[in-house]
Amino acid sequence: MRYVQCTQDTSLSPLAADELANVFEGLAKSDPAFDQIDPNEAIALAHRLIDDDHPEMSRMWPKTG
């Protein structure tokens with residue numbers, strides 16, 4: 001069994017976090033607006049988010065600043 005310590009990422013604004021959530025939802029629903037996104041990259045980012053393993057290194061991570 002694996003144990004995970006979860007933390008809250010505060011580096012994203014609520015607007016950027018909402019945008020990222022919309023992208024994931026669009027990908028999950030096979031929305032054609034997100035056809036250009038590599039599904040493997042989205043899966044990798046989801047794993048990085050869960051594992052808290054530097055998700056900001058993903059090409060899909062919203063750019064801040």
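This is a predicted model: local features need pLDDT of at least 70, side-chain atom pairs count only at pLDDT 80 or more; totals for chains, interfaces and linings use all residues.
Is Lys29 buried or exposed? At 61% relative accessibility, Lys29 is exposed.

Start with the overall layout. The chain holds two helices and zero strands. Helix α1 covers residues 14–28, and helix α2 covers residues 39–51. Of the 65 residues in the chain, 23% are buried. The accessible surface comes to about 5,300 Å². Carbon and sulfur atoms own 54% of that surface. Among contacts with a separation of 6 or more, 40% join residues 24 or more positions apart.

The largest nonpolar core has 10 residues: Leu12, Ala16, Leu20, Val23, Phe34, Ile37, Ala42, Leu45, Met60 and Trp61. Two elements, α1 and α2, each give two or more residues to this core. Helix α1 supplies the largest share, with three residues.

Take Leu12 from that list. Leu12 lies in the segment before α1. Its relative accessibility is 15%, and because the cut-off for buried is under 20%, Leu12 counts as buried. Leu12 and Trp61 are 49 residues apart along the chain, yet their C-alpha atoms are separated by 9.5 Å. Both residues belong to the core.

Ile37 is another core member. Setting aside neighbours within four places in sequence, Ile37 contacts Val23, Leu27 and Met60. Val23 and Met60 are also in the core.

What does Phe24 contact beyond its neighbours within four places in sequence? The partners are Ala42, Leu45, Ala46 and Leu49. Phe24 itself sits in helix α1. Phe24 has a relative accessible area of 22%. Buried requires under 20%, so Phe24 is classed as partly exposed.

Glu41 is placed in helix α2. Is Glu41 buried or exposed? Glu41 is buried, at a relative accessible area of 15%. Its side chain makes a polar contact of 2.6 Å with the side chain of Ser58. Not counting residues up to four places away in sequence, Glu41 touches Ser58, Arg59 and Met60.

Return to Lys29 and its charge pairing. Side chains of opposite charge can pair when their charged atoms come close. Lys29 forms a salt bridge with Glu25. The closest N and O atoms of the pair are 2.9 Å apart. That distance counts because the salt-bridge rule asks for a side-chain nitrogen of Lys or Arg within 4 Å of a carboxyl oxygen of Asp or Glu. The count for the model is one salt bridge. Its two ends fall in separate accessibility classes: Lys29 is exposed at 61%, while Glu25 is partly exposed at 41%.

Ser30 is in the loop between α1 and α2. Its phi is near 55°, a positive value in a residue other than glycine. With a relative accessible area of 59%, Ser30 is exposed.

How values were computed. Residues are numbered from 1 along each chain as its sequence is written. Side-chain values use heavy atoms; hydrogens and water are left out. Helices (H or I, at least four residues) and strands (E, at least two) are DSSP runs, numbered from the N terminus. Buried means under 20% relative accessible area, exposed over 50%, partly exposed in between (1.4 Å probe, protein chains only). Contact means heavy atoms within 4.5 Å. Accessible areas come from the Shrake-Rupley method with a 1.4 Å probe; for residues, only the protein chains shown count as cover. A polar contact is a pair of N or O atoms within 3.5 Å; within protein, one must be able to donate a hydrogen and the other to accept it, and residues adjacent in sequence count only if both atoms are side-chain atoms. A nonpolar core is a set of buried Ala, Val, Leu, Ile, Met, Phe, Trp, Tyr and Cys residues joined through side-chain atoms within 4.5 Å.
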